[in-house]
Amino acid sequence: MRNNNNNNHQFQQRGGNNNNAYNNNNGGNNGARNNGGVKILNVAEKPSVAKEVSRVLCGGRGCQSRQGASKFNRIFEFINPFPINNARNAQMKFTSVTGHLMNYDFTEHEYKSWEHSDARDLFGRARIAKLVPDDKKEVKVNLEREARTSEWLILWLDCDREGENIAMEVVDVCLNANRRLKVFRARFSALSYQDVSRALMNLQRPDEAASIAVDARQELDLRLGAAFTRFNTLCVKRNGVLALLGENGGGGGERGGGRGNDRDNKTVISYGPCQFPTLGFIVQRKWDVDAHVPEKFWTISIGYQMVEGGQQQQQQQ
């Protein structure tokens, strides 16, 4: 069972407070002050994109950077050179995340223990929640601090399903810090001035349906991977098979779940929905290489001469 209390609350907030921003995108100033100066927090998927979009927009002039709460995610500040939805002189703050900000995990301790829980319960009874892991806490704090002093949030995540999911993670964190934020999505395919400026002039709403599809896949990955990894590992362990495999048998581990009291045992019979297709690609490639039959082939070389300034030059291509 997924713990959806927090997420549903966020979706209601997006559908209520932020629909004003979405629906008025093509008319009016979306609540921006007529005299300009609206404070906009921009978030990219990685630091290099935040730096490059900032450089492109400010033309390398008047762009300053400072250290935020996360040492890996600097904050770039500049005045946007053209109006955004009739808001002039927008005060842009550009920062980033480093991929996914949250991971699904089991919330109850009993389901984190391999020995004291039934693997079958991981399919439905065990509650899960999307949480910020310890190694992303500084990125979360960075977003919260900047969101509190901002009026708009523009999402510059990659334009695919995974990017939409990361975007909604950013929205969750920022709206928890500032419920008055107006949320927009910038869609771009390159980091040129034309693409970036066009994205700013055509701001859209995030695609929650695409994000939910990724959430479903992540939940399946966690539940299936955890249940079958535990079942397989404990089964061979109880039947003495691990002693035959030795410490080098198996490998990897379930995604998202701790091993509880079994951390000292490093041998794992890992299962994951993504592992078998990936293994299939590797095996197929090996078969293709083994089945390759070398054949003779020919190339065409053309020689020519040309005279420039009375000197004869010979070239070969």
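Visitor: Which residues does asparagine 178 touch, not counting residues up to four places away in sequence?
Guide: Asparagine 178 touches Ala147, Arg148 and Ser150. Contact here means heavy atoms within 4.5 Å. This is a predicted model, where local features need pLDDT of at least 70, side-chain atom pairs count only at pLDDT 80 or more, and totals for chains, interfaces and linings use all residues. Residues are numbered from 1 along each chain as its sequence is written, and side-chain values use heavy atoms, with hydrogens and water left out.

Visitor: Where is asparagine 178 found?
Guide: Asparagine 178 sits in the loop between α5 (161-177) and β8 (182-185). Helices (H or I, at least four residues) and strands (E, at least two) are DSSP runs, numbered from the N terminus.

Visitor: Is asparagine 178 buried or exposed?
Guide: Asparagine 178 counts as buried, because its relative accessibility is 4%. Buried means under 20% relative accessible area, exposed over 50%, and partly exposed in between, with a 1.4 Å probe and protein chains only.

Visitor: What does the side chain of asparagine 178 reach?
Guide: The backbone nitrogen of arginine 180, at 3.0 Å.

Visitor: New topic. What pLDDT does the protein average?
Guide: The average is 81, and 78% of the residues score at least 70. pLDDT is the predictor's confidence in each residue, from 0 to 100.

Visitor: Where is confidence lowest, and where is it highest?
Guide: Confidence is lowest in helix α1 (residues 5-16), with a mean of 40. Strand β7 (residues 152-156) has the highest, at 97. Over residues 4-34 the pLDDT is below 50, and this stretch has 58 contacts in the model beyond near neighbours in sequence. Over residues 247-264 the pLDDT is also below 50, with 45 contacts counted that way. Where pLDDT is low, the predicted coordinates should not be read in detail.

Visitor: How many helices and strands does the protein have?
Guide: Nine helices and 12 strands. Of the 317 residues, 42% are buried.

Visitor: Which residues of helix α6 are buried?
Guide: In helix α6 (residues 193-201) they are Asp195, Val196, Ser197, Ala199 and Leu200. Their cover includes α3 (47-58), β4 (91-96) and β7.

Visitor: And aromatic pairs, how many are there?
Guide: The whole structure has six aromatic pairs. Rings of Phe, Tyr and Trp (its six-membered ring) pair if their centres lie within 6.5 Å; planes under 30 degrees apart count as stacked, over 60 as edge-to-face and the rest as tilted.

Visitor: What about phenylalanine 228 and tyrosine 271, what kind of pair do they form?
Guide: They form a tilted pair, 5.0 Å centre to centre, with 45 degrees between the planes. Phenylalanine 228 is in helix α7 (residues 208-238) and tyrosine 271 in the loop between β10 (268-269) and α9 (275-290). Phenylalanine 228 is partly exposed, with a relative accessible area of 34%. Tyrosine 271 is partly exposed, at 23%.

Visitor: Which residues form one aromatic cluster?
Guide: Phe123, Phe228, Tyr271 and Phe276.

Methods: A polar contact is a pair of N or O atoms within 3.5 Å; within protein, one must be able to donate a hydrogen and the other to accept it, and residues adjacent in sequence count only if both atoms are side-chain atoms.
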